[in-house]
Amino acid sequence: MRRDCGSRREFLGLVGSGVLGLGTGSLLVSRALSETGSRDSDPRVADLVVSNANVYTVDSRMPKAEAFAVKAGRFVFVGKTAEANAFIGKGTRTFDARRMTIVPGFIDCHNHAPGNILLYEVMVGNPYEVEFVTIESIIEKLRAKAQKTPPGFWVDGYFFDDTKVKGNRQLNVYDLDQVSTEHPVCVHHRGGHTSYYNGKALALAALNKNTPNRTGGTYDRDPDGELTGRVTDLARTVFTNVGRRETFTEEQKEQRHRDGLAYISRQFARYGLTSVHHEEGDLFALQQVRARGELLHRVGFEASGELLEAMITNGISTGFGDEWIRFGATSEHTVDGSFSERTMALSQPYAGTNPPYSGNITEKQEDLNAWAERVERAGIQPNCHANGDVAIDMVLTAYERAQRVALRPDVRPKITHCTLINDRLLRRLQALGAVPAAFTTYAYYNSDKFHFYGEERMQRTMAYRSFLDAGIRAAAGSDFGPGPFAPLMGIQGMVTRTGWNGETWGANQRIRVEEALAVNTINGAYNSHEEAIKGSITAGKLADFVVLADDPHTVSKDKIKDIEIVETVTGGTTVHEK
Ligand SMILES: [Zn+2]
């Protein structure tokens with residue numbers, strides 16, 4: 001059966017291990033072999049022995065090692081080269097790491113994994129790196145799309161970032177009218193909480209300067225009261241049923257979802273991610289991608305809507321599945337707005353807003369309480385999106401109550417983002433055993449937005465130092481699309497708190513490289529109750545690891561994000577090599 005996508009991998013798989021096995025170049029491993037078991041039934045003979053490496057295990061019982069052995073997709077030995085060599089038998093592949101650094105595979109606990117958007121839609125910004133674009137380039141790209149789209153159909157642009165625009169100008173309705181006056185046009189901010197519309201879209205939704213704001217959202221206006229085209233959070237629901245959208249047959253939909261997932265899986269592997277928590281998605285497509293041998297990372301599937309409902313009513317709880325596709329916590333249950341787009345719910349209004357604006361709350365306390373209780377009773381790990389201190393307080397109130405009434409053990413209620421905290425919230429997080437999945441790449445990528453919050457608040461945001469000091473197992477949650485997912489960019493930001501523009505915000509929240517590594521590996525495993533099987537290079541755990549060209553502990557701290565990912569290995573299989 002053909003399981004491999006890359007021709008070289010397939011070639012190696014077909015040729016087998018004997019001939020190429022003792023090379024010292026790549027540790028490329030055939031997926032077919034590693035998934036179906038081991039080459040040799042003798043437990044003393046490994047499939048792969050890696051030696052002469054600078055291994056950071058992220059296992060406190062043995063933090064450093066120089067070698068390890070892998071069999072049937074798991075580590076079977078970790079320690080010294082001489083002892084690892086004892087696992088070499090006929091057919092064992094060996095890899096001399098030449099002192100290169102090896103760390104556990106990175107784990108991202110919050111990712112929307114929008115593969116089909118990346119593959120099929122118009123990108124008006126760079127999803128992966130800091131890059132400035134012009135408004136002209138956005139108009140041009142969308143105009144090209146409009147020319148291929150029948151009038152009346154939506155023209156959409158994705159991965160816009162309002163602080164990555166050359167000339168520092170805001171995108172507005174007049175810009176988007178230049179794309180088309182016959183198509184509704186929408187530019188989606190990568191943050192996911194604000195969008196920009198042209199005049200045709202506003203007209204189709206019957207919006208004008210006299211339309212009042214809606215609860216949980218705004219129609220932004222210029223000083224003359226005219227609509228700017230920027231619409232926030234729940235106010236965007238008026239666009240749901242207006243205009244026409246491209247339709248696809250069931251087969252086409254299936255194929256797009258499948259190809260999109262396979263595509264994003266390759267991107268994750270490229271950056272060293274071996275486990276990613278997906279916010280919803282197409283479960284059927286995911287299984288097909290896996291069956292085709294194209295799933296290169298492990299998926300913690302976080303359900304919402306009908307699927308979550310089906311889980312609750314049919315007794316499917318967190319942990320159902322296997323180590324490749326597994327139901328994790330719920331998808332983020334949204335309680336407030338966004339950090340990057342400045343709509344998160346604050347106890348003190350945003351500086352310089354008149355009338356004073358304190359962000360958007362999108363959920364009522366009593367509804368949140370009922371939701372958390374229902375989910376916990378069903379044996380499902382609850383997960384709420386809360387950025388501002390007001391929203392975190394609401395979520396903790398609901399979780400504390402659920403814990404009292406549902407009495408489930410070891411729930412580890414999850415808070416996605418958990419951005420702005422204070423001492424009181426910190427104590428409650430700790431008492432509850434809550435697991436935050438805080439922003440990772442933001443400290444580097446979004447430093448241009450932190451002046452909206454100011455230094456005092458920034459000292460309490462993405463509070464990794466405070467979390468770890470309080471014994472809270474904070475994990476990494478890139479929130480891709482909103483944030484790039486590159487784990488090394490995340491680690492650099494956690495260690496330096498310095499952004500691409502050289503600004504440093506909240507330096508009191510800096511953590512050490514080894515702590516940032518733990519946040520991105522073992523704490524990620526803990527976040528989904530999987531610390532017994534992954535998150536460190538430990539005998540018995542899944543053989544997920546990353547070979548790095550440099551050691552993040554010793555390179556200049558502002559160069560961590562540039563370290564090359566030499567190889568990514570999931571379950572003993574090479575899924576990326578440079
Ligand atoms: Zn999210």
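The model is predicted, so local features need pLDDT of at least 70 and side-chain atom pairs count only at pLDDT 80 or more, while totals for chains, interfaces and linings use all residues. Residues are numbered from 1 along each chain as its sequence is written, and side-chain values use heavy atoms, with hydrogens and water left out.

**Exercise 1. Zinc site**

State which residues coordinate the zinc ion, and classify the arrangement of the donor atoms.

Step 1. Donors are N, O and S atoms within 2.8 Å of the metal (3.2 Å for Na, K and Ca); water is not among the atoms, so sites may look incomplete.

Step 2. His110 (NE2), His112 (NE2), Glu332 (OE) and Asp479 (OD) coordinate the zinc ion at 2.1 to 2.3 Å. Their spacing in sequence is H-x1-H-x219-E-x146-D.

Step 3. Four donors are tetrahedral if all angles lie between 85 and 135 degrees; four are square planar and six octahedral if opposite donors are over 155 degrees apart and all others between 65 and 115; anything else is irregular. The arrangement here is irregular because the 4 donor atoms subtend angles of 81 to 173 degrees.

Step 4. Buried means under 20% relative accessible area, exposed over 50%, and partly exposed in between (1.4 Å probe, protein chains only). His110 has 0% and is therefore buried; His112 has 30% and is therefore partly exposed.

**Exercise 2. Two serines**

Locate Ser447 and Ser38, and decide whether each is buried, partly exposed or exposed.

Step 1. Helices (H or I, at least four residues) and strands (E, at least two) are DSSP runs, numbered from the N terminus. Ser447 is in the loop between helix H15 (442-445) and helix H16 (455-458). Ser38 is in the loop between helix H3 (31-36) and strand S1 (48-51).

Step 2. Ser447 is buried, because its relative accessibility is 0%. Ser38, at 29%, counts as partly exposed.

Step 3. With neighbours within four places in sequence left aside, Ser447 is in contact (heavy atoms within 4.5 Å) with residues including Tyr442, Trp500 and Trp505.

Step 4. From Ser38 to Leu48 the C-alpha to C-alpha distance is 10.0 Å, across 10 residues in sequence.

**Exercise 3. Sheet**

Give the strand order of the open sheet and the direction of S1 relative to S6.

Step 1. Two strands pair if DSSP finds at least two bridges between them. The order of the 4 strands is S5-S4-S1-S6, with mixed pairing. Strand S5 (74-79) and strand S6 (93-96) are the edges, each pairing on one side only.

Step 2. S1 and S6 run parallel and are joined by 4 bridges. Opposite Thr94 in S6 stands Val49.
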